[in-house]
Amino acid sequence: MEDRMLIAAGNLTAAHTVIEELDIPGTWASVGARANLIGSVRNGLMANHLDIDYHVYSDPLDIEDSFRAVARIAARPGVDKLWYMNSIETNEHCMEWHLIYRDGRGREWKIDMIHILAGSYYDGRMERFAERIAEVVTEDQKRAIIDIKFDTPADEVIPAIFIYQAVIRDGVTDFASFRKWQESQDMGRVVGWIP
């Protein structure tokens with residue numbers, strides 16, 4: 001397990017290097033937007049999936065500014081793919097940007113940047129969630145979370161909130177127990193959970 005913790009710590013350090021190389025917060029700031037790191041990089045629970053997540057806020061939510069910022073990020077060496085979804089006219093009031101970046105070691109990183117209308121319903125929600133996880137998680141729980149993330153099959157996507165709730169709220173300690181926990185849950189109710 002300690003080897004996994006060392007790998008996770010190394011991946012977390014690498015994530016911050018990727019953020020610096022792409023200058024994600026600075027690039028968004030250049031168009032008047034605020035980029036907040038969320039997810040496993042923010043709460044320190046990154047494991048083996050190389051994902052970096054941002055919520056970006058501005059008012060107004062300007063499509064041209066959003067494209068300008070992402071174009072600058074995409075122009076940096078190592079960015080292989082980029083795609084987006086426009087959900088401005090939905091109740092989410094956002095544009096989703098997703099890109100693939102290859103670091104100097106050739107490892108593929110998935111980076112999600114969700115550009116959200118400042119002051120709308122989702123403003124700050126994921127930041128508060130990440131802060132609460134970081135505040136309440138114990139060292140034993142961190143180990144269990146990292147272990148479950150490593151044991152998840154590579155072709156399966158399990159939202160981290162499910163793992164956090166299982167471990168922090170319900171005392172799950174390994175992947176086999178997590179599977180049993182999953183079967184007993186109304187997964188729709190898990191999504192709104194904050195510890």
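The following legends describe close-up views of a predicted model.

**View A. An open sheet of five strands.** The strands follow the order S1-S2-S5-S4-S3, and their pairing is mixed. Strand S1 (34–38) and strand S3 (79–87) lie at the edges; each has a single partner strand, so one side of each is left without a neighbour in the sheet. On average, neighbouring strands are turned by 20° against each other, direction ignored.

**View B. The pairing of strands S2 and S5.** Strand S2 (residues 51–58) and strand S5 (residues 108–117) run parallel and are joined by eight bridges. Within this pairing, Tyr54 of the model is found opposite Met113 in S5. Helix H4 (residues 63–74) packs on the sheet, where it touches S3, strand S4 (94–102) and S5. The direction of helix H4 makes about 5° with that of S4.

**View C. The aromatic pair Tyr121 and Tyr122.** Seven aromatic pairs are found in the whole structure. In the pair formed by Tyr121 and Tyr122, the ring centres are 4.9 Å apart and the planes stand at 90°, so the arrangement is edge-to-face. Tyr121 is exposed, at 53% relative accessible area, whereas Tyr122 is partly exposed, at 30%.

**View D. The aromatic pair Phe178 and Trp181.** These two rings are stacked, with 5.7 Å from centre to centre and 20° between the planes. Phe178 and Trp181 are three residues apart in helix H8 (residues 175–183), and therefore about one helical turn separates them. Phe178 is buried, with a relative accessible area of 0%; Trp181 also counts as buried, at 7%.

**View E. An aromatic cluster.** Phe67, Tyr84 and Trp97 are linked into a cluster by ring pairs.

How values were computed: Residues are numbered from 1 along each chain as its sequence is written. This is a predicted model: local features need pLDDT of at least 70, side-chain atom pairs count only at pLDDT 80 or more; totals for chains, interfaces and linings use all residues. Side-chain values use heavy atoms; hydrogens and water are left out. Two strands pair if DSSP finds at least two bridges between them. Helices (H or I, at least four residues) and strands (E, at least two) are DSSP runs, numbered from the N terminus. Axes are lines fitted to C-alpha atoms, for helices over the stretch in contact, and angles run from 0 to 180 degrees between N-to-C directions. Contact means heavy atoms within 4.5 Å. Rings of Phe, Tyr and Trp (its six-membered ring) pair if their centres lie within 6.5 Å; planes under 30 degrees apart count as stacked, over 60 as edge-to-face and the rest as tilted. Buried means under 20% relative accessible area, exposed over 50%, partly exposed in between (1.4 Å probe, protein chains only).
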